[in-house]
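Dear colleague,

Please find the structure below, followed by a summary of what was found in it.

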Amino acid sequence: MKSLAELAAIREKMRDKVAMRDNAAGTRIVVGMATCGISAGARPVLNTFVEEVNREGLFENVTVTQTGCIGICQYEPVVEVYTSDNEKVTYVKMTSEKAKRVVAEHIKGGNVITEYTIGSTKA
Amino acid sequence: MKELSLNILDIVMNSVKAGAKIIAIRITEDNRTLAITIEDNGCGMTAEQLERLSDPFFTTRTTRQVGLGVPFFRLAAEQTGGGINITSVPISEDEVKHGTVVTALFYKDHIDYTPLGDIIATVITLIQGNADINFDFSHTINGYAINLSTAEMRSELGEDIPLNSFEVLEWIKEYLNEQYNGI
């Protein structure tokens with residue numbers, strides 16, 4: 001049985017790791033979570049990003065955050081990736097499967113997946 | 001919205017934007033009905049804002065001119081024969097007891113009833129995006145209650161570990177899954 005007491009164990013285990021994460025300034029993955037995004041499927045996209053970033057061991061340099069309506073609702077779910085060199089890539093019509101590829105190829109591998117970007121997608 | 005849990009996520013986002021520090025999400029269901037209450041201590045709304053809330057062409061956001069969250073939620077409830085009710089106390093009226101309460105009732109045997117769907121994913125998404133807010137989640141099914149309080153979690157976890165650390169989110173997922181499987 002899971003119990004609240006297990007959280008104390010997580011606290012012990014994570015004490016050193018958290019200090020490292022606080023210093024992290026790297027890539028930011030921003031998922032639009034307004035009504036338009038949520039109804040288009042942003043919830044599983046966000047949760048996939050959180051899981052994949054951790055699975056790939058990237059959590060020290062990569063943060064996943066939520067934002068409101070970006071204003072291009074017809075392209076939702078919309079995900080913006082900001083890298084440490086201040087470049088922004090806007091991925092549109094995202095799915096969990098696409099999110100896995102973005103983490104593996106762009107976030108980890110450094111190659112933008114052009115076919116998912118706003119420039120190569122029709123509304 | 002394909003699931004009521006997505007409506008809940010969307011409506012709670014309004015509480016987040018209202019600057020709430022405490023948000024309670026309560027779901028109570030029996031064989032025939034499902035009731036949802038979302039209560040926050042955010043900035044609240046004036047009588048005029050409240051009146052226009054179900055008008056899809058009223059919104060406080062600046063990126064576009066429509067606000068569909070509350071109309072969607074209302075439709076989802078009314079199409080089952082139920083409805084929603086919203087009360088609010090704006091911070092301009094009461095500096096201490098401000099906030100908003102949204103309640104909704106759904107009839108589950110109606111053909112247009114939207115299933116609740118993945119409520120665990122909604123809870124995890126909310127905590128992931130808002131680690132500094134106290135969420136008080138409860139879901140009572142035919143008298144059997146499932147609870148998750150981030151304030152209680154915080155007392156075990158201490159102040160240093162963010163609630164949206166991956167390890168903590170995983171724990172929440174497993175904890176809630178186990179509770180639901182126990183019903």
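**Interface of chains A and B**

In this predicted model, 34 residues of chain A are in contact (heavy atoms within 4.5 Å) with 38 residues of chain B. Residues are numbered from 1 along each chain as its sequence is written, and chains are lettered from A in the order in which they are written. Local features need pLDDT of at least 70, side-chain atom pairs count only at pLDDT 80 or more, and totals for chains, interfaces and linings use all residues; side-chain values use heavy atoms, with hydrogens and water left out.

The two chains bury about 3,200 Å² between them, 61% of it on carbon and sulfur atoms; buried area is the accessible area (1.4 Å probe) lost on putting the two parts together, summed over both.

Three salt bridges (side-chain nitrogen of Lys or Arg within 4 Å of a carboxyl oxygen of Asp or Glu) are found across the interface of chain A and chain B. B:Glu3 and A:Arg43 meet through their side chains in a salt bridge, at 2.7 Å from N to O.

**Nonpolar core**

The largest nonpolar core has 80 residues, of which A:Phe49, B:Phe106, B:Phe137, B:Leu148 and B:Ile172 touch the most other members. Such a core is a set of buried (under 20% relative accessible area, 1.4 Å probe, protein chains only) Ala, Val, Leu, Ile, Met, Phe, Trp, Tyr and Cys residues joined through side-chain atoms within 4.5 Å. Leaving aside residues up to four places away in sequence, B:Phe137 touches residues including B:Ile25, B:Ile119, B:Leu148 and B:Tyr180.

With kind regards

Note on methods:
Buried < 20%, exposed > 50% of the residue type's maximum accessible area, 1.4 Å probe, protein only.
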